[in-house]
Amino acid sequence: MADFLLELFSEEIPARMQRQAAADLARLFAAEIAGAGLKAEGIETFVTPRRLALIARGLPAETDAVSEELKGPRTSAPPQALEGFLRKTGLTREQLEERGDVFFAVIAKPGRKTADVLAEAVPAVVRAFPWPKSMRWGAASLSTESLRWVRPLKGIVALFGGEVVPLEIAGVASGRTTLGHRFLSSGAIEIADADDYAAKLRAAHVIVSSEERAEIIAQGARRLAADAGLALVEDAALAEENAGLTEWPVPLLGHFDPAFLDVPPEVIQLTAAKNQKYFVCRDTGGKLAPAFVCTANIVASDGGASIVAGNRKVLAARLSDARFFWEQDKKKSLESHAEKLSEIVFHEKLGTVADKVDRVAKLARWLVEEGIVSASPLPFRGGAGGGAAPQTPSSTNPSTPHPNPSPEGEGQTRSSLADLAEQAARLCKADLTTGMVGEFPELQGLMGGYYAREEGLDPQIAAAIRDHYKPVGQGDEVPTAPVTVAVSLADKLDTLLAFFDIGELPTGSKDPFALRRAALAIINLVLNNNLRILTDAPIEFWLGQSDPSQKLSDPQIERRKLITIALDFLLERLAVQQREKGVRHDFVQASRRWEARDDGRLDRVAARANALSAFLGADDGANLLAGYKRAANILKAEAKKGSLPVTPAQAGAHGAVGMDSGLRRKDEGGADAPAYPPEPAEAALIAALAAAAPKAEAAVADEDFEGAMAALALLRAPIDAFFETVTVNDADPARRAFRLALLERVRAAVHRVADFSRIEG
């Protein structure tokens, strides 16, 4: 067994392409040699700004001999068919085997030298390489058939077991020599074998491991900041990017004019990181310090003083531009900036950003006026993450007051809160027209918050403008301030509904308008803030307040169907969100659409699914599920025969089962009982059902889903005993009818808590 080293040396590879290039090289190489029957014991990849390299460990000296068998035409087939088969296989008629009335060709392929396989595989990998952007160069570039590579290819090292694998790509022949660092090394470097590669290049001031270079940068920057009494603002992505720009990284600390600290810190950090690839630092108080860490690619004779001085000048110019935008943008109010939103197209079928803002403002105000978002929200009890929803009165009125108000907005009237929400919504996109956001789109929302604060607007408005894009993705902070929640929820609902209204629904892996992300954000806003919202209500309002003359609905989607489409989409996203938190998809499906009033209550579905997950994870729940499924199977079989004594609807109504099913009413207790002496297990199940069903139903009405599950647990043992000792399909018609009706009542009682028929397993 031997190792194979491949290095593709070129001009500078963009840092953003390096990680994927290393992965693609390993993938393509493994696939190419696999076609020849080879598999490496392990593959390592390395990438620097000037080289892409691979080491394949444990390759055999040659491939195994193989025999391939091909089925041919029948012996009675026309001569033309036989001739075609012979051309395909390269054999003669005498070399074919006759098996019955069919020709077979057995082609023996001898083993090949691995070096020969590699000599063919490497050019194939290079020519198939999927660079995001590539180029042709030199005289050969006049032909579209010429080699394309990310940058001009300069050299190839190809060594198998220490021997050069002879190959040539676009006039570049393989060998065993490469080059070291551009400035810190001179002359060619001869590589003996794969084990020699990393050490020889390190001696030539090239660290081939991008992970090692990134760690050197991060640790060095951290140490420099600490030595200056500062703390580095950690940025792993920036460390990786700097690693992609250097082969021998040397972090250096510099300072800039403290006067620039008047600019918002996020602007300074983004300017330094995005434009110059610098880290920034904070002082002991947590404030941004006038210091930065840059990464040089050389060891300078003056300790890096000249490099730092040059970088300080460049950073000063960048920060001057940022300060100019900051000062100029502040000269106009956000309302003035917002006037230009009518010049920005949101979508060709949905009008301008100004049109969207108008819809969002109306919806945000409505959310507050309806009490869905209030200054006194219900306390969060983990509905988004696995806990049960809080217990409330059976009324589903979302404006039910609660004695635990939020610090922000406390004591405000609903009207004043609605005014703030509408004003914040009308200004939330205004910073899109500012110079700063034009230069740094990543700062949208954030800059609007700063400008609102500088303008002296209500702090709740400034916070809402700043945070209304949140939550952006998984793990992002979810707003809780009432004004922010109203604007954020309205913004995301409008995005979802507007694109659904014009038929732009996500398909498969395609979601160009990030509607799945918007749906998850809506769910997190609802669950984390315990918003008691029937989701069809804001959709109804949105449909009613939108100007039909400005909306172009897709003819395949009736606008009234938008409620069902959007609700189904949200519930599917809820299942995804809950699955990531450990709640099975079928538990979410079992927790929806059993009662019309719950269809749009995302919080109820989530809380019920979490309670169901916990219940079925215990023995009582698992055994009750087994008993339920046994009862459901019996009832399903009888329904096919048309011999059920009562319908599910009748079983769900107390006292609705008549004497024709073998039942009579107990005078003293009011419960249904058989007209014959019941067996002990039968009587026990009747009593348990009479006790459990009302408790479960009352608990569901109070949104105490754990209590509802606990009530169902009372049925576990009686159901087990019932099936062990009682014959359901008794020869006596009265007994059989009563027992089937009893099972139907058990199923109905369970379905009031959750639809167990949707639970798998």
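Reply: Two strands pair if DSSP finds at least two bridges between them, and strands are DSSP runs of E with at least two residues, numbered from the N terminus. This is a predicted model, where local features need pLDDT of at least 70, side-chain atom pairs count only at pLDDT 80 or more, and totals for chains, interfaces and linings use all residues. Residues are numbered from 1 along each chain as its sequence is written, and side-chain values use heavy atoms, with hydrogens and water left out.

Me: How many bridges pair strand β2 with β3?

Reply: Strand β2 covers residues 42-48 and runs antiparallel to β3. The two form a hairpin with two residues between them. Across this pairing, Ile 43 stands opposite Ala 56, and Glu 44 faces Ile 55. The number of bridges is seven.

Me: Which residue in β3 is the bridge partner of Leu 8?

Reply: Strand β1, residues 2-10, is joined to β3 in the antiparallel sense by seven bridges. In β3, the partner of Leu 8 is Leu 52.

Me: Why is β3 largely enclosed by the rest of the structure?

Reply: Buried means under 20% relative accessible area, with a 1.4 Å probe and protein chains only. Strand β3 spans residues 51-59 and is largely enclosed because, of its nine residues, the number buried is eight.

Me: What is the average pLDDT of the protein?

Reply: pLDDT is the predictor's confidence in each residue, from 0 to 100. Here 88% of the residues score at least 70. The protein's average is 87.

Key
Buried < 20%, exposed > 50% of the residue type's maximum accessible area, 1.4 Å probe, protein only. Helix = DSSP H or I, 4+ residues; strand = E, 2+ residues; numbered from the N terminus.
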